[in-house]
Structures are given as structure tokens and as C-alpha cells.
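Welcome! Have a look at the structure below, and then we can walk through some of its details together.

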Amino acid sequence: MQRRHHAYRGLVAATVGGVLTLTTLTAAQAALAPLTDPAKAVAIADQLGNKRTAGVYYRDERLVVAVTDQAAAETVRSAGAVAEVVPHSTAELSSAKAKLDQLTGIPNTAWSIDQSSNRLEVEIYGGVSDADRSRIEKAVSGYGDAVDITEHTGKIESTAYTMRGGLGITSEYTSGGTNWVATCTAGFNVENANGKKYMLTSGHCMNGGAVNWHRRSGDIPLGRATNWVYGNDTNQSDYGVVEYSNSNVTPYGTIQYKDGSEGQISRSASAFEDEKVKRVGTMSQDLVGKVLATDATVTYTDGTTLHHMIEASNCSVHGDSGGPLFSDETALGILSGGSYADRPCGDSDGQTDRSSFYEPLYKVLSWEGLKVY
């Protein structure tokens, strides 16, 4: 991986004569109870405005509010939160991202605002032409070190895997005169206001007509997809809703690991940068990872562009699509795709720069009128 710019790192209070000084807390500030509620941290940032702030994220398990001036920093500290003074505001970084979002989808690219480094991070994977690289560089040429362009090997692919066999959820369908079995991963079980149960997975799993889904173990019928999108809606998203119709199936609000143990899901929320996360999939599982970005725009090899995605450091492989991203009992996202999707995950994973992309769950729940349980 080659970096074209050096990423901004570290807690900075001010720049004086070219010297960066670290933020320190006074005795009175240290006495304040640390702010632990992300919603309150976001409310502080909203109050200050996007020209004086640059995001909320975790660092060393403490909530940090990035600001662009010392007065704003004092406001943050007086509320018990950690303040980080940075050179680029949310307004500036969002403007740079909007320039890239105006480009026609370029396969094997992803970009997002990295709040913890105070940069717009642009990722270019294998297969991107020199002409497309030039388009990207030209679009953000006026933003200087607010943009960090990095190059990666491999390609970004959706992780649906057409195969016969395996665990998880499957759907038989016919395409081009050939019978196929689509294998994906069941995501979160959810319900509507009347208690009707549904399963969430990736929308691209339904491509080709794969709409009637079974539990692979035992080939037990589950239900039929009632709604799905894959880059073809207003929000350029990737999710599918399957309505449970088999009365012999009892959907539980839990996550099952490879060893058969379970973890309860009791709530949903938006993800925060550097938040510790877990991911489980049909073909693999990677329980070690963190959130890299919370509003990524990604374009896959097939040319489909998705917006407002979560990017995490967890790996994923073909067949893991639809699987859950979560933190403790909090549901965060639905797996859409990732890099090196044709290579193993876990202990045998030799790629240190793998990443994966997820549809934010709280948005899907809002759009579909559903909730976790």
C-alpha cells in the first residue's frame, strides 16, 4: 500500500510556530465525569456547527469531539468530553467528499471522511485505470492535505457467493437456463409494530431471482423476500427484507457463532469511528475489528456505487453477505462486500489492509418500520 499524503494523527490543541502541542486537562476539567453518551457528544457538535467541528469518534475507548478552534474546545471540555483541535472542519471535508460523489461510479474505489485522522480517505484498489485515477485526483486537487489517497492491491467485490452447499441461508433460482443456489448469511432478526418477524440480509443476495429462502442446515423453508435494493434506490443502499412464513420456525433475536454459542442483540445504533466491532458470516467469521469510517461511498467491481456505508477492518469472503456487524448487544450493520473476498479470513489471513463495507442497520430499520428484539 502506498500513501500519497501523510495522514493527520494525534490530539492537537494548537499550532504555534510550527510546534504541535498536546491537549491537557486542568484539575477542574479532570474532576468532571467523563462523557460516555455518544448522543450527547453529537449534540455538542451539532450545537457548535459543522464549520467549527469535525466529528465524534472513540480514541482509547474515550469519546472525542473534534473542533477547529480553542473556544469550541473549551465548550467540549466543559461538558466532560475530550476535545481535539484539528485543521479541517466537517464542512470542508464534506465538500471534498461531495466532489468525488459527483463522479460516475469508478469500480474498485472507496472514499469516506476519516474523522479520527481529520482527512477524506480515498482508497484505490487494483483495476482502476490511470484515467480514472486522474479524475479522482483532479476532483479533490483544491483540498490539499485534507485528502489522503492510498493505493491497495486486490479488488472490492460484493460477497454474495453462488454455490451448492455450505451453511447459512440459501435460495434456489434459475438464470440463463441454469439452476443455481445462492448462499448468503442471515443478518438480524427484526419485527414490526405488530410483532411480525422478518430477517434482514443483503439486497444483492436477491439478484437473479433468489427470493425464496431456506435455512441451509436441514433445508428448512424460512420465507420470501418482500423488499430489496442494491444501489437502485434513492439512498444507493444494499439490504433485503425476508418475511418469515414458516410457523415451525422460531426466530430468536440472537447471533450464533461458529462454535454454536449465542450472543444477544437488544438494540441498534449508529457506528462510531474506532469502535470495537465483531462480524459473523456463513463462510467465515472475524471477531476482531474496528470501525474505519461511518459514511463511506464505495463502488464495486460490477460498477454498483453505494453511499453512506460503514467501513470496518474486519475481513469477509464470498457467502458472508448479509451477515451482522455488531458491538456487544448493539446491532450496527449488514455486510455488503469487501476486499480480498476470495481469500480466507481469520488466522490464515495474510492481508493486513483488508476492509469490509456494511449497510447501517438503524437506517434500514427506520425506512422499513422495523426494530430489533
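This is a predicted model: local features need pLDDT of at least 70, side-chain atom pairs count only at pLDDT 80 or more; totals for chains, interfaces and linings use all residues.

Setting aside neighbours within four places in sequence, Gln236 is in contact with Gly231, Thr305, Leu306 and His307.

Next comes a hairpin. Strands β12 (residues 169–175) and β13 (residues 178–184) run antiparallel and are joined by seven bridges. Two residues lie between these strands, and Gly176 in the turn has a positive phi of about 65°. Ile169 has Cys184 of β13 as its bridge partner.

That cysteine leads us to the disulfides, of which the structure holds two. Counting bonded cysteines along the chain, they follow the pattern 1-2, 3-4. Here they are side by side:

| Disulfide | Sulfur–sulfur distance |
|---|---|
| Cys184 and Cys205 | 2.1 Å |
| Cys315 and Cys345 | 2.2 Å |

The link of Cys184 and Cys205 is left-handed, with -105° about the S-S bond. This pair also links distant parts of the chain, with Cys184 in strand β13 and Cys205 in the loop between β15 and β16 (212–215), 21 residues apart.

Are these cysteines buried or exposed? Cys184 counts as buried because its relative accessible area is 1%, and Cys205 is buried as well, at 3%. Cys315 is buried with a relative accessible area of 2%, and Cys345 is buried with 12%.

In soluble globular proteins, nonpolar side chains tend to be buried together. The largest nonpolar core here has 19 residues, and Phe188, Val190, Leu200 and Leu361 touch the most other members. At least two residues of this core come from each of β15 (197–201), β18, β27 (330–339) and α6 (361–368). The largest share, three residues, is supplied by α6. Another core, of 18 residues, lies apart from it and includes Leu103, Ile106, Ile113 and Ile124.

Which residues does Leu200 touch, not counting residues up to four places away in sequence? Among them are Phe188, Val190, Gly240, Ile334, Leu361 and Leu365.

Notes: Residues are numbered from 1 along each chain as its sequence is written. Side-chain values use heavy atoms; hydrogens and water are left out. Contact means heavy atoms within 4.5 Å. Two strands pair if DSSP finds at least two bridges between them. Helices (H or I, at least four residues) and strands (E, at least two) are DSSP runs, numbered from the N terminus. A nonpolar core is a set of buried Ala, Val, Leu, Ile, Met, Phe, Trp, Tyr and Cys residues joined through side-chain atoms within 4.5 Å. Buried means under 20% relative accessible area, exposed over 50%, partly exposed in between (1.4 Å probe, protein chains only). A disulfide is a pair of cysteine sulfur atoms within 2.5 Å.
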